[in-house]
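This report is a guided reading of a protein model with its sequence alongside. Please keep both in view while reading.

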Amino acid sequence: MGLLLAIITALFFPGVILRMKSIASGRKGPGILQPWKNIWVLLRKSSVISTTTSYIFRLAPSFYLSTILCAGLLLPFPGMSPVFSFEGDFVLFAYLLALGKFLFIVGALDTGSSFEGMGANREALYSMLAEPAFFILFGTLALLTGHTSMAEIFDSFRFAGNHTFIIGFISVYLLIQIAMIENSRMPVDDPKTHLELTMVHEVMILDHSGFDLALIHIGTALKFGLYGGLIANFLLPVNWTFPAHVTFYFFIQILFALLIGFMESFRARKKLAKNPQFIVTLSSIALIAFILVLLITFKMIG
Amino acid sequence: MESFIILAPVILSFFILILPSGIRYYYSLALTVCIIGLTAIPAFNALIHPLNAPWNFVAGGSFGVITFTLDSLSAFFVLITNFAVFAGMLYSQGYLNPYRLSKSPAQLALHNFSFVWLQLSMLAVLMLRDGLAFLIAWELMAVSSFMLVLFEAEKRSTLKTAVNYLIQMHVGLVLLVIAFLLCEADTGQMNFDALQVYFSRHPNSPLFFLFFAGFAIKAGFIPFHTWLPDAHPAAPSHVSGVMSGVMIKMGIYGIVRVLTYVQSDFIIIGLALLIISSITGLLGVMMAIVQHDLKKLLAYHSIENIGIIGIGIGLGTMGLGLNNPILVSLGFAGGLLHVFNHSLFKPLLFFSAGSVYKAYHTRNIEQLGGVIHKMPQTAGLFLLGALAICGLPPLNGFISEFLIYIGLIKGLSAGNAYQSLTFLMVLISLTLIGGLAIFCFTKVFGIVFLGTNRTIPKSEISEAEKGMLIPQYLIAILIVLIGLVPIIFINPILGVINAQFHTLPGAFPVSLSPVFTQIGTLGVILILVTGTILLVRNEILKKRRVEKGPTWGCGYTASTPRQQYTGTSYTTNFGELAQPVLRQEEEFQPIQEEEIFPGMRFYAIHPTDIFRLAINRIIDICMLVLKKIARLQTGNIQHYILYAFVFILIIFVLLYLKVL
């Protein structure tokens, strides 16, 4: 269910961001489905493959997409059990995405281009730095709720009482920022930049074309859906009915997309050298949340 | 009869030295297989019936008795040792081929002989419980591996490394001897079982830490690791694979073995293990990233993995202290499974790296590139090993790291607040280790195997020969198998832990097996989904026009392979971040002001190990002191008689003052 909703989200998510950005900058902007029209065009195109590349380059995009799909199978939705749910499933969630990233990075390096090397290197560094924040966040939630699987964490989190408000706020903030980093969005990377030297994600796909490029675009859109799904899990009240859940879910997703579009319109990207600092800050915020939870559970006093 | 069975492999091994070179290898292989058969069958029995009394094998006669004991813990290590040695033996045939011309038959014979002895001594270490016999086997293991490292002794650096290795092993040996003697002084017995008595009478942590220091030198915990990054690259690849895959695990075995006798101080020991291991893991991988030597890089990754194993063991020990059987099971199971996993993917990586070295005659990452086009199978195997060592699903490394992860997360709410914080710090280290490992292996795989060649190789390159690929495929199958059906490997390990640490038998696996069934299923789904996407992709691309063209060069047409991203450029931004911990020495001539037309310049960058620097400083101080003392050595017989006289005088005075 989580995956299905994430897929539906992915259909309109990039479009909403684009539209928001164009409106904020005073343009009319393309239709909501334009990114998917582009992907459709790509899917039907023929491709050019670099002579430097090997089978890794051909395998990587497919792996990238399939790891994201499989991670989606772990995504919970309130009131429903996900396809796979077990203790510590968020570890697998993070590691599946990491597997996709590994192959994606290696695929970029396969072209032997310095540009792509730069992008690959930055992607590896940033995701390495962002990973602790995600784990501290879920460790905090596990400590707070006493559960270790995502579905149980979210279920009991919504019942855990008033003090969850502040933890929920920090969690949502962190997840939005992690989603931005993992998807190479604004403060860390600018998808609209036209200079290869300063790109992260875009420079890695310079040599991909046609079907493979489409797979990567689909994967990136889906990734937004996954993180959006995680965020929605914090916000959905558990005692609502299913249709209300779904409606509110999409409301949150659109809001999330609008927020990203809005933030990107009024924010400049950071200098590349400043990025690690920014990313590590997220871990410290997560650490504060953890200590807060330690205080809440009265363990510091006892 | 029993004595004969023990003696037979020892006597038979000496025939390696005298057999003609044509059949020598096959004879050694057969002998190895026989030894494996002899030990693996009882070991297998002991492993599937962990609660049975240990299997004893008494050999000896008028000169004394040696008892070989196989309990579940030894059995587990015996099995993984045998597998790694077998794979190494298979691989060595192809790897040593070019050396048959340059080395004398005697040297090759000695090499084979030492390899068999390394196996024998490792097995003996695992099965002997008597202190003296154990130490002798431990020493034999050090000496035989020293001989193996020394294979290319004509290189001066190899000789230096090997001697350094031998010295450090003996420092470890001295610590172990002291630890055993302390035990003997108190209990009158010098064996592992006497530790039970010792630990029930005395505080546990001091003796444990003494044992730990002795074993840690072998295992390569930081700061005891300095021999490791030199010895692994100096040895031939099959030896590095076996040394890194199983020999350093003998240190882990020793630590776990001693832990089974410890009765108190679990919290202190656990915390110390967690902290040392986290530091080992983090620094190990950080130093790995900046290396240029392919095998040295892998050696630093061994240190990292020892850290992960140590985290598992520390977690289990904390569980013992907190009376939390779940932590005990998860921690030790994670640690021991990681021992097994590392004994698979590390030899695989060393073997495939060895194949590259054999073909290109260089281990310098910056000079390689595009190996995948010449050696596609080796590249694929290296990639598999790299994915496994990064702990990525659906391979084996993920399973053991996952066990440790849930252990740590459960630990967050198990102890008091300060223990929670420690667990969180370890959790952060583990995620960072994972991320850094990915960073490192994307670099290695990308720079070495992908792109195009950075230098023109001296000879025609072709795929490694079959004999070298077969053992790698054997390992690869196990790696995938553990990843997809983990539970059949975890259950025996849980049995070992139940038997050794007397946790509630069967209490935990009930809730663990559905978790791993789901992980396994998801792994299969991942493979199927990827397969489907690839199938669709290929079908569609078949109908389309797929052109080949050069990599996009931003409009620049005259690009050369030397303009590719290098290992150093890949690590520059990380190196800047890690500046406080990693020291890199730059070697270059700055351009002078009066030089209007600067000439050719040379620039080199060398990663240095700060612990090496620290140890060197200690050695320098020792040398300084010793040089001063050396003045006493005048070579004059009268002086020496005077020294003896002064010594006796001092003794007399001390006796008179009742100091002695």
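The sections below treat each chain, the contact between the chains, and some local features of the backbone.

## Overall form of chain A

The structure is a predicted model. Chain A contains 11 helices and 1 strand. Read from the N terminus, the order of its elements is α-α-β-α-α-α-α-α-α-α-α-α.

The C-alpha trace of chain A spans about 65 × 40 × 40 Å along its principal axes. A compact globule of 302 residues would have a radius of gyration near 19 Å, and chain A has 19 Å, so the two agree. Of the 302 residues of chain A, 60% count as buried. When contacts between residues at least 6 apart in sequence are considered, 76% of those in chain A join residues at least 24 apart.

## A helix pair in chain A

Helix α1 (residues 2–24) and helix α10 (residues 242–265) of chain A have axes that come within 8 Å and cross at roughly 35 degrees. The crossing of α1(A) and α10(A) is right-handed. On the side of α1(A), the contact is formed by A:L5, A:T9, A:F13, A:V16, A:I17, A:M20, A:K21 and A:A24. On the side of α10(A), the residues in contact include A:Y249, A:Q253, A:I254, A:A257 and A:L258. Sorted by class, the contact between α1(A) and α10(A) has 12 nonpolar, 4 polar and 2 charged residues.

## Overall form of chain B

Chain B contains 25 helices and 5 strands. Its radius of gyration is 27 Å, close to the 26 Å given by the globule rule for 660 residues, and chain B is therefore as compact as a globular protein of that length. Along the principal axes, the C-alpha atoms of chain B fill a box of roughly 95 × 75 × 65 Å.

Of the 660 residues of chain B, 52% count as buried. Among contacts in chain B between residues at least 6 apart in sequence, 79% join residues at least 24 apart.

## Two helices of chain B

Helix α17 (376–389) belongs to chain B. It has 14 residues and reaches 20 Å from its first C-alpha to its last, close to the 20 Å expected at 1.5 Å a residue. Since 11 of its 14 residues are buried, α17(B) is largely enclosed by the rest of the structure. Among the buried residues of α17(B) are B:T378, B:L381, B:F382, B:G385 and B:I389. After α17(B) comes B:G391, which has a positive phi near 70 degrees.

Is helix α24 (residues 610–629) of chain B enclosed or in the open? The number of buried residues among the 20 of α24(B) is 0, so this helix lies largely in the open. At 1.5 Å a residue, the 20 residues of α24(B) should span 28 Å, and its end C-alpha atoms are 29 Å apart, which agrees.

## The contact between the chains

The contact takes 67 residues from chain B and 64 residues from chain A. Several elements of chain B each supply at least two residues to the side that touches chain A, including α18 (396–411), α22 (509–543) and β3 (546–549). The largest share of that side, 15 residues, comes from α19(B). By class, the side of chain B that touches chain A has 40 nonpolar, 21 polar and 6 charged residues.

## Local features of the backbone

Cis peptide bonds are found at two places described here in chain B. One joins B:I222 and B:P223, with omega about 10 degrees. B:P223 lies in the loop between α9 (204–219) and α10 (228–234) of chain B. The peptide bond from B:P393 to B:P394 is also cis, with omega near 0 degrees, and B:P394 lies in the loop between α17 and α18 of chain B.

A:S184 is not a glycine, yet it has a positive phi of about 55 degrees. A:S184 is found in the loop between α7 (164–182) and α8 (201–204) of chain A. It counts as buried because it has 22 C-beta neighbours inside 10 Å. B:N323, likewise not a glycine, has a positive phi of about 55 degrees. B:N323 lies in the loop between α14 (294–321) and α15 (325–360) of chain B. With 10 other C-beta atoms within 10 Å, B:N323 is exposed.

Conventions. Residues numbered from 1 in each chain as written. Chains lettered and ligands numbered in written order. Predicted model: local features only at pLDDT ≥ 70, side-chain atom pairs only at ≥ 80, totals over all residues. Helix = DSSP H or I, 4+ residues; strand = E, 2+ residues; numbered from the N terminus. Rg over C-alpha atoms; globule rule 2.2 N^0.38 Å. Buried ≥ 20, exposed ≤ 12 C-beta atoms within 10 Å, placed from the backbone. Contact = placed C-beta atoms within 7 Å. Axes fitted to C-alpha atoms, helices over the stretch in contact; angles between N-to-C directions. Left-handed = near helix turned anticlockwise from the far one by under 90°. Nonpolar A, V, L, I, M, F, W, Y, C, P; charged D, E, K, R; others polar. Expected span 1.5 Å × (residues − 1).
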